[in-house]
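Colleague: I have some questions about the terms used for this model. Could you go through them one by one?

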Amino acid sequence: MTQRTRKAIGTFLIVAFIIAYSLVMMAVGGELAVGRGIAVEIIFYAIAGLLWLPVVMGIIRWMVRPDPA
């Protein structure tokens, strides 16, 4: 698979993942964090705001691999 193809697929994967992840985290946060105090909400959303990074970084790392020789 060429790098160009991986970048196209990766772009769609990242957008789909971010949309799904944000919807899931909003639902989870609404059940677990909302109404328990501002400190709990801040901590939950700070952690949730960072958890998506390893997944997206993995996709980006896969996208930019050089083409096989």
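Predicted model: local features only at pLDDT ≥ 70, side-chain atom pairs only at ≥ 80, totals over all residues.

Colleague: Why are α1 and α2 called roughly antiparallel?

Modeller: Helix α1, residues 3–32, packs against helix α2, residues 38–63, at an angle of about 165°. Angles over 145 degrees count as roughly antiparallel, and therefore α1 and α2 are given that name. Their axes are 9 Å apart.

Colleague: Which hand does the crossing of α1 and α2 have?

Modeller: The crossing is right-handed. The residues of the contact between α1 and α2 divide into 20 nonpolar, 5 polar and 2 charged.

Colleague: What makes up the largest nonpolar core?

Modeller: This core has 5 residues in all: Tyr-21, Met-25, Ala-33, Phe-44 and Ala-48. To belong to a nonpolar core, residues must be buried and joined through side-chain atoms within 4.5 Å, and buried means under 20% relative accessible area. At least two residues of the core come from α1, and at least two from α2. In soluble globular proteins, nonpolar side chains tend to be buried together.

Colleague: What does Ala-33 touch, not counting residues up to four places away in sequence?

Modeller: With those left out, Ala-33 touches Val-28, Val-40, Glu-41 and Phe-44. Phe-44 is also one of the residues in the largest nonpolar core.

Colleague: Why does Trp-62 count as partly exposed?

Modeller: Trp-62, in helix α2, has a relative accessibility of 26%. Buried would need a value under 20% and exposed one over 50%, so Trp-62 counts as partly exposed. Leaving aside residues up to four places away in sequence, Trp-62 touches Met-1, Arg-6, Ile-9 and Gly-10. Trp-62 and Lys-7 are 55 residues apart in sequence, and their C-alpha atoms are 8.6 Å apart in space.

Colleague: How do you know whether Leu-13 is partly exposed or buried?

Modeller: Leu-13, found in helix α1, has a relative accessible area of 43%. Leu-13 and Ile-59 are 46 residues apart along the chain, with 7.9 Å between their C-alpha atoms.

Colleague: What makes Pro-66 exposed?

Modeller: Pro-66 lies in the segment after α2 and has a relative accessible area of 67%. Exposed means over 50%, so Pro-66 is exposed. Pro-66 and Thr-2 are 64 residues apart in sequence and 8.2 Å apart in space, C-alpha to C-alpha.

Conventions:
Residues numbered from 1 in each chain as written. Heavy atoms only, no water. Axes fitted to C-alpha atoms, helices over the stretch in contact; angles between N-to-C directions. Helix = DSSP H or I, 4+ residues; strand = E, 2+ residues; numbered from the N terminus. Parallel < 35°, antiparallel > 145°, perpendicular 65-115°, else oblique. Left-handed = near helix turned anticlockwise from the far one by under 90°. Nonpolar A, V, L, I, M, F, W, Y, C, P; charged D, E, K, R; others polar. Buried < 20%, exposed > 50% of the residue type's maximum accessible area, 1.4 Å probe, protein only. Contact = heavy atoms within 4.5 Å.
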